[in-house]
There are 2 protein chains.
Amino acid sequence: MLIQHLPLLSSKRIVLASASPRRSELLRGLGLKVEILPSTFAENLEKSAFAGAGEYAVATATQKAIEVFRRTCEAGKLADLIVAADTVVEIDTQILEKPLDKEDAMRMLTSLSGCKHKVYSGVALVLPSFSDPALDQSPLIRSFWEETVVEFAELEDEAIHAYAASGEPMGKAGGYGIQGIGGSFVKGIEGCFFNVMGFPVHRFCVEVDSLVKSGAFSARPQ
Amino acid sequence: MLIQHLPLLSSKRIVLASASPRRSELLRGLGLKVEILPSTFAENLEKSAFAGAGEYAVATATQKAIEVFRRTCEAGKLADLIVAADTVVEIDTQILEKPLDKEDAMRMLTSLSGCKHKVYSGVALVLPSFSDPALDQSPLIRSFWEETVVEFAELEDEAIHAYAASGEPMGKAGGYGIQGIGGSFVKGIEGCFFNVMGFPVHRFCVEVDSLVKSGAFSARPQ
């Protein structure tokens with residue numbers, strides 16, 4: 001697990017390639033010091049090119065991480081770890097991202113009402129100073145995604161209108177925030193809660209634990 | 001749902017009979033204004049007298065709410081709604097409450113490691129100004145409990161020691177906080193996440209919605 005590696009990790013430069021306040025809050029809640037450097041990647045991959053929503057989310061996360069990796073290289077300020085993530089909601093094979101406006105949020109919430117949907121968060125970890133032997137001088141990249149099933153209660157129109165008017169749906173995949181008032185709509189989940197917030201905390205800790213044990217954070221910068 | 005009733009509820013005096021910062025945070029996150037008046041109930045009910053951990057938790061919550069109800073009556077300052085809750089962890093028919101000390105926390109975490117356990121939060125809602133017709137002049141009491149299954153990863157001794165040393169386990173049923181570093185130990189859950197934090201948010205909103213619709217918050221104080 002991650003907690004016993006905090007003394008080692010506290011000396012590392014960890015960059016979060018995301019502007020999401022929820023993701024930085026979750027990483028800081030784990031005891032990590034993180035620097036925020038939001039990716040400028042356009043997030044415009046063609047969804048139909050991917051086998052599923054998880055693969056799509058992880059591909060977007062990887063592009064975000066690589067964009068920030070290049071920027072830190074150009075600036076000559078290599079990080080020890082770059083963390084990027086992308087979260088999408090899937091219902092009936094349709095992928096929902098952030099709503100465009102209030103009406104779009106209401107459409108999303110109406111489609112989620114009374115149903116189960118899936119939330120996928122893809123994560124990419126880039127270790128600039130640790131080359132993957134199989135990939136010559138490229139940085140080591142670890143990527144993964146996690147799925148959580150979320151069951152929504154039946155929402156009355158009054159609730160959907162009041163929630164859309166609150167502004168909370170904006171900037172959130174599927175048009176709701178499970179950590180906010182949107183959490184009151186959720187009867188239950190199956191899987192990782194933090195994955196629904198936008199970052200699969202347990203899985204991230206398992207991956208970092210494995211990277212530390214493989215010596216990835218002890219390598220000298222190249 | 002609760003959100004469309006916020007304008008009505010904002011004019012009501014809602015008292016939370018709990019010192020738990022997580023419970024007040026969850027209620028305030030729903031948009032409710034709450035006043036904190038922790039119960040002094042000793043929480044010493046005989047566990048063996050109850051059919052299960054849920055029944056035990058809801059009985060404790062009810063006693064907490066009644067104790068605060070009596071205190072507000074004596075002070076002549078009736079609340080519109082008193083909310084109390086109690087959370088316990090059950091593993092292999094054994095109920096775990098708050099750890100007594102660091103060693104107790106480590107014992108609890110060792111027993112949870114690599115296993116699934118259940119978290120029960122019992123809630124009691126007391127409406128002092130709204131008598132239950134079936135109960136003469138007693139206040140209306142609504143109580144319920146919710147169960148969530150939590151699956152812990154296998155924890156290495158180093159993780160258990162580091163976590164116990166962090167102080168986070170103290171004051172938390174089962175010796176962990178799912179909203180903190182303890183969340184990194186959780187592979188997944190089945191049910192309401194907030195129930196594990198100590199308060200079943202969705203179920204509470206459903207009950208308050210039903211109380212509002214039944215006119216319970218429009219009644220004149222007696």
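This is a predicted model: local features need pLDDT of at least 70, side-chain atom pairs count only at pLDDT 80 or more; totals for chains, interfaces and linings use all residues.
**Chain A, overall**
I started with the element count: chain A has seven helices and seven strands. Reading from the N terminus, I get the order α-β-α-β-α-β-β-α-β-β-α-β-α-α. I then looked up the radius of gyration, which is 18 Å for chain A; the globule rule gives 17 Å for 222 residues, so the chain is as compact as a globular protein of that length. Along the principal axes, the C-alpha atoms of chain A fill a box of roughly 60 × 35 × 30 Å.

Of the 222 residues, 59% are buried.

**How the copies relate**
Next I asked what rotation puts chain B on chain A. I found 180° with 0.0 Å of shift along the axis, at an RMSD of 0.0 Å. The two copies are thus related as by a two-fold rotation axis. In chain B, the C-alpha nearest that axis belongs to Glu190(B), 2.3 Å away. Both copies use the same surface, since 100% of the contact residues of chain B recur in chain A.

I followed Glu190 into its strand. S7 (residues 186-191) of chain A runs antiparallel to S7 (residues 186-191) of chain B, and three bridges join them. Glu190(A) stands opposite Glu190(B) there. Within chain B, S7(B) also pairs with S6 (residues 139-152), antiparallel, over four bridges. In that pairing I noted Val150(B) opposite Ile189(B).

Methods: Residues are numbered from 1 along each chain as its sequence is written. Chains are lettered from A and ligands numbered from 1 in the order in which they are written. Side-chain values use heavy atoms; hydrogens and water are left out. Copies are superposed by least squares on the C-alpha atoms of residues with pLDDT of at least 70 in both. Contact means heavy atoms within 4.5 Å. Two strands pair if DSSP finds at least two bridges between them. Helices (H or I, at least four residues) and strands (E, at least two) are DSSP runs, numbered from the N terminus. The radius of gyration is taken over C-alpha atoms; the globule rule is 2.2 Å times the number of residues to the power 0.38. Buried means under 20% relative accessible area, exposed over 50%, partly exposed in between (1.4 Å probe, protein chains only).
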